[in-house]
Amino acid sequence: MLCLSLAACGTEVPPGVSRVWPEMGTMMSAAAWGTDSVRVARSLEAARDSVDRIDSLLQRHVSIAVLDSVRREIRRRTGVALAVDSIARGYALDRATRALGDVVDSALLDLGGQYVWIGPATRSTRRSVGIPDPDNTRRTLAVVELRGGSIRTHSQRNAPPGAARSVTVLAADGLTANAWAAALLALGCDRALTLAQGMQVVCADSAGVRWTTAARLTREP
């Protein structure tokens with residue numbers, strides 16, 4: 001499906017390399033494109049190694065300065081105390097992205113349902129990503145447009161009235177998307193959407209689905 005979408009942009013697509021691994025208690029999948037498939041495959045292994053590295057630090061309870069800094073900032077702004085494990089996958093994706101370097105022309109990474117899309121700035125690409133209903137995963141709450149960067153949804157099943165059921169954040173990097181989705185879910189949609197103005201956020205509660213003006217929905221509920 002991704003190849004078809006790229007082809008539709010009128011760009012000749014080189015052969016892709018894809019890999020799937022168990023990582024951080026979930027699954028990591030990666031697909032990447034470049035002119036040298038051998039180097040692309042090696043870069044994907046390097047991306048996996050970078051995720052392994054973050055997982056190893058977490059398992060040994062080693063403090064990660066970047067994660068601690070983001071947690072402090074979000075607590076200062078929202079009052080929400082985030083656990084390291086709740087935002088580590090976003091940071092691991094960022095490290096994986098760096099490991100790809102300039103070897104790949106474009107890539108799509110997925111770690112436990114959080115996506116990062118990497119593509120050249122000279123080529124306009126868009127991806128439609130569905131937001132699943134936490135109480136019925138066969139149903140889509142809305143569809144958002146991902147042009148680059150990362151998308152992360154945090155949700156809770158059987159949310160009480162007034163509480164957020166699902167919060168989706170689109171951001172330039174995985175850590176920002178992950179951390180803010182987790183924090184805003186704890187606040188409820190009214191407060192979350194007020195605080196998140198200027199960010200791309202979609203929030204669902206018992207009243208329905210709402211979003212900030214910056215968010216790009218391709219299909220409303």
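Predicted model: local features only at pLDDT ≥ 70, side-chain atom pairs only at ≥ 80, totals over all residues.
1. **Salt bridges overall.** The model holds nine salt bridges.

2. **E73 and R76.** These two side chains meet in a salt bridge, with 2.7 Å from N to O. Both residues belong to helix α3 (residues 65-78). They sit three residues apart, about one turn of the helix. E73 has 33% relative accessibility, so it counts as partly exposed. R76 reaches 61%, so it counts as exposed.

3. **R210 and D190.** The side chains of R210 and D190 also form a salt bridge, again given as N to O, at 2.7 Å. R210 is in strand β10 (residues 208-211), while D190 is in helix α6 (residues 189-195). The pair therefore ties together parts that are 20 residues apart in sequence. R210 is partly exposed, because its relative accessibility is 29%. D190 is exposed, with a relative accessible area of 54%.

4. Is D205 buried or exposed? D205 is buried: its relative accessible area is 7%, and the cut-off for buried is under 20%.

5. **A four-residue network.** Shared partners link some salt bridges together. D133, D135, R139 and R165 are joined in this way into one network.

6. **D49 in helix α2.** D49 is part of helix α2 (residues 37-59). Its relative accessibility is 48%, so D49 counts as partly exposed; the exposed class requires over 50%. In sequence, D49 and A96 are separated by 47 residues. In space, their C-alpha atoms are 8.0 Å apart.

7. **The second largest pocket.** The volume of this pocket is about 150 Å³. Which elements give two or more residues to its lining? They are β5 (127-133) and β7 (149-155). The lining residues include V129, G130, I131 and P132. Also among them are I151, R152, T153 and S155. G113 and Y115 line the pocket too.

8. By class, the lining of the second largest pocket divides into five nonpolar residues, four polar and one charged. R152 is one of the lining residues, and Arg is counted as charged. G113 and G130 also line the pocket, and Gly is counted as polar.

Definitions and conventions:
Residues numbered from 1 in each chain as written. Heavy atoms only, no water. 1 Å grid on protein atoms, 1.4 Å probe; cavity = no way out; pocket = protein on both sides within 12 Å on 5 of 7 lines; lining within 4 Å. Points joined across faces, edges and corners; volume = space filled by probe spheres on them. Helix = DSSP H or I, 4+ residues; strand = E, 2+ residues; numbered from the N terminus. Buried < 20%, exposed > 50% of the residue type's maximum accessible area, 1.4 Å probe, protein only.
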